[in-house]
Amino acid sequence: MKKRILRYWTWLIVLCAGFVLCRYALFSLHGMREWPVLLFIAGAVVLTAAFLLKAKYVPIVTALGYPVAFLLGVLLQSNGTDPGGGTTNNLWIIWMVSYLSFITASVLSEFLIKKKK
């Protein structure tokens, strides 16, 4: 039990470090204040649920997926103009979709691995 708790706290710290890095240190790349917090909260909820359900791989992917999804968003983002003439950017969409895709893939993988055993 202590090992599981230690693993949970380790991955929670990794998630927090990814959040601090993306939200504060790399703020100039995205300029978003609220969105990184919302994705962090979603990741923390998934991490806690994974701990309670004794998942092995979901916490790893959840913690590491946050900064990796951000990196994908930065690399694949594009700027545009909306019909009213305002500027748009799709980094937040790419970040969210890729992060949720990582989490979903890890949950499905975890399920299939447990079902196979």
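Let me open with a question: is Ser-106 buried or exposed? Please bear in mind throughout that this is a predicted model.

Ser-106 lies in helix H5, which covers residues 91-116. Its relative accessible area is 5%, and because the cut-off for a buried residue is under 20%, Ser-106 counts as buried. Apart from neighbours within four places in sequence, Ser-106 has contacts with Val-58 and Val-61.

Let me turn to the packing of two helices. Helix H3, residues 35-52, packs against helix H4, residues 58-76, at an angle of about 170°, and their axes are 9 Å apart. H3 is therefore roughly antiparallel to H4. On the H3 side, the residues that meet H4 are Pro-36, Leu-39, Phe-40, Gly-43, Val-46, Leu-47 and Ala-50; their partners in H4 are Val-58, Pro-59, Thr-62 and Tyr-66. Sorted by class, this contact comprises 9 nonpolar and 2 polar residues, with no charged ones.

As for the chain overall, it contains 5 helices and 2 strands, arranged along the sequence as α-α-α-α-β-β-α. The C-alpha trace spans about 55 × 30 × 20 Å along its principal axes. Of the 117 residues, 31% count as buried. The accessible surface amounts to about 7500 Å², and carbon and sulfur atoms account for 72% of that area.

Finally, a word on confidence. The mean pLDDT of the chain is 94, with 100% of residues at 70 or more.

Key:
Residues numbered from 1 in each chain as written. Predicted model: local features only at pLDDT ≥ 70, side-chain atom pairs only at ≥ 80, totals over all residues. Heavy atoms only, no water. Axes fitted to C-alpha atoms, helices over the stretch in contact; angles between N-to-C directions. Helix = DSSP H or I, 4+ residues; strand = E, 2+ residues; numbered from the N terminus. Parallel < 35°, antiparallel > 145°, perpendicular 65-115°, else oblique. Contact = heavy atoms within 4.5 Å. Nonpolar A, V, L, I, M, F, W, Y, C, P; charged D, E, K, R; others polar. pLDDT = per-residue confidence, 0-100. Buried < 20%, exposed > 50% of the residue type's maximum accessible area, 1.4 Å probe, protein only. Areas by Shrake-Rupley, 256 points an atom, 1.4 Å probe, with all protein chains shown as cover.
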